[in-house]
Amino acid sequence: MVTKTNLLFGTGVSSNKDYEGLLRVVRVAAESGILGFDTAPSYHTQGVLGRVLKQLMAEAGIQRSDLFIQTKIDAWQMQNKCGSVQSFVEAALKEMELTYLDALLIHWPLPEYMERTWQSFVQMQAQGMVRQIGICNVRMRQLRQLVQWGMPPQIVQLERNPLRTCTAEVDFCRQYDILVQAYSPLCKMNTRIRDDANLRALAGKYQKSVGQVVLRWHLDTGVTPVFTSTKPERVQEYAAIDDFCLSAEEIKAITAKNIDYKMYLESWSCPGF
Amino acid sequence: MSGILKKMKHKKSRLVALGFAFGNGVLIWCGWYVAAAVLCIATGLDLAVLQKINRQKELFSPRSTVRNVDYLIIGDMCSATKFIPVGSNYVQISAPGRSLNASYEILRHTFSILPEQGGKVILAIREGNVDKNCYTLFDVPFFHPVTLERLRLKSMVWQSKFPLFFAPLRSLRFLLGTDRQYHPVPCPREDIRDFCTQRDLQLIYVQG
């Protein structure tokens, strides 16, 4: 198993940026068994997350080895150093007061810097700065290319939810033993998910919320959801999904809702994607 | 007045609005009513151009629900309905004098609004702009910061906030939506053809 937890807590664009607010939700996440955290330079939460986790380790007796901390390299960083991004990772470690990262991901795979950046990642992994390396926002095209280079990722993070199931990518990753993480796992509770009759029926059946059912669907299809919230009660709610499983038919019914609907257009954040 | 300012969340927008109000106030105080009226009209037109560009840009933000459209039309001003079947949904990003180079860059930024398989792209370019290596302030709003850095276009970003003042004739043509006759021809750029093939995009190139 490549992560210690089944859920990752994200500190993305809609997360708390202030220390107290983030500490409050991260504390609840840890108490609920979520010890995996995701950040990125563009989220402006790297430093504050580092301080929050340091406080958490001190007050709750959690060891560094219990935590799973991952960050990313942004597109501008790939361009700025023409792919040789080690100095940015060193800066991130310093900012977060860490000696290593559990995972480092390419946030947006700019084609002109992909190969050089990936080589840089492999080097940092060999040096022990990073335990696992991965990439976000890829499609089959990029995955095949990475496998062709002989450097497949260990983690792939995609925008995935019942309206965009990325079945081909998930199956491909399963074949190559690549862990798949899903960001925006609930599609920001799009009305087509929130008001879906089937999902509501399942929520009623299991005495859970629609959000919990969808997160369970991610886990039951072998995908780790990365969710975020500013509300401690929401974090507790979403963490409480270990007491039920969906049946094969129920999983199939949710997966069938796929309409390839994505909120974040890859080409808009990654020109030439 | 304070209610309008409260609605303008960005500091820069507030400063510009206050500057405009001050400038207009000075003109009226000096008795230059015609100049004040011209300034009002010019500012209104400028905002109209900006609004049209921003409405196009907004389609690509996560807030937009426009996704998996049948056609993406990029290039010079043209009437989309001449190229696509009735009932098709499309997104059009057109601007006067847009070069093939600029259209390709915009394609690189926007094609994900098409379906994963079988998306159709129409590039509409005027003959004189096929070989031009130029970008205008109508192109820049669609470029990622990485692209602006690569193409050294950062200085054009602030010009793109005042299109009527830096490109008055083009801005008027942009608002009026002028049209030309286009006819399909093979795309003259192999790199664009390859780009589309690799991403399973059907390219329709029309020249006028």
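Visitor: Which residues point one way from strand 8 of chain A, and which the other way?

Guide: This is a predicted model, in which local features need pLDDT of at least 70 and side-chain atom pairs count only at pLDDT 80 or more, while totals for chains, interfaces and linings use all residues. Residues are numbered from 1 along each chain as its sequence is written, chains are lettered from A and ligands numbered from 1 in the order in which they are written, and side-chain values use heavy atoms, without hydrogens or water.

A:Val223, A:Pro225 and A:Phe227 point one way from strand 8 of chain A, A:Thr224 and A:Val226 point the other way, and all are buried (under 20% relative accessible area, with exposed over 50% and partly exposed in between, 1.4 Å probe, protein chains only). In a regular strand the side chains alternate between the two faces of the sheet. Because 5 of the 5 residues of strand 8 (residues 223-227) of chain A are buried, the strand is largely enclosed by the rest of the structure. Strands here are DSSP runs of E, at least two residues, and helices are runs of H or I, at least four, numbered from the N terminus.

Strand 8 of chain A runs parallel to strand 7 (residues 179-183) of chain A, joined by 4 bridges; two strands pair if DSSP finds at least two bridges between them. In that pairing, A:Gln181 stands opposite A:Thr224. Strand 1 (residues 8-10) of chain A is joined to strand 8 by 2 bridges, also in parallel, with A:Leu8 opposite A:Val226. These pairings belong to a barrel of 8 strands in chain A, closed in the order 1-2-3-4-5-6-7-8 with parallel pairing. The twist from one strand to the next averages 30° (axes are lines fitted to C-alpha atoms, for helices over the stretch in contact, and angles run from 0 to 180 degrees between N-to-C directions).

The loop between strand 5 and helix 6 (140-148) of chain A holds A:Asn137, which counts as buried because its relative accessibility is 5%. The side chain of A:Asn137 makes a polar contact of 2.5 Å with that of A:Tyr183 (a pair of N or O atoms within 3.5 Å; within protein, one must be able to donate a hydrogen and the other to accept it, and residues adjacent in sequence count only if both atoms are side-chain atoms). The side chain of A:Asn137 also reaches the backbone oxygen of A:His107 at 2.9 Å. Leaving out residues up to four places away in sequence, A:Asn137 touches residues including A:Trp108, A:Gln157 and A:Glu266 (contact means heavy atoms within 4.5 Å).

Chain A also meets chain B, in a contact of 23 residues from chain A and 25 residues from chain B. The count between the two chains is 4 salt bridges (a side-chain nitrogen of Lys or Arg within 4 Å of a carboxyl oxygen of Asp or Glu). B:Arg108 and A:Glu112 meet in a salt bridge (3.8 Å, N to O).
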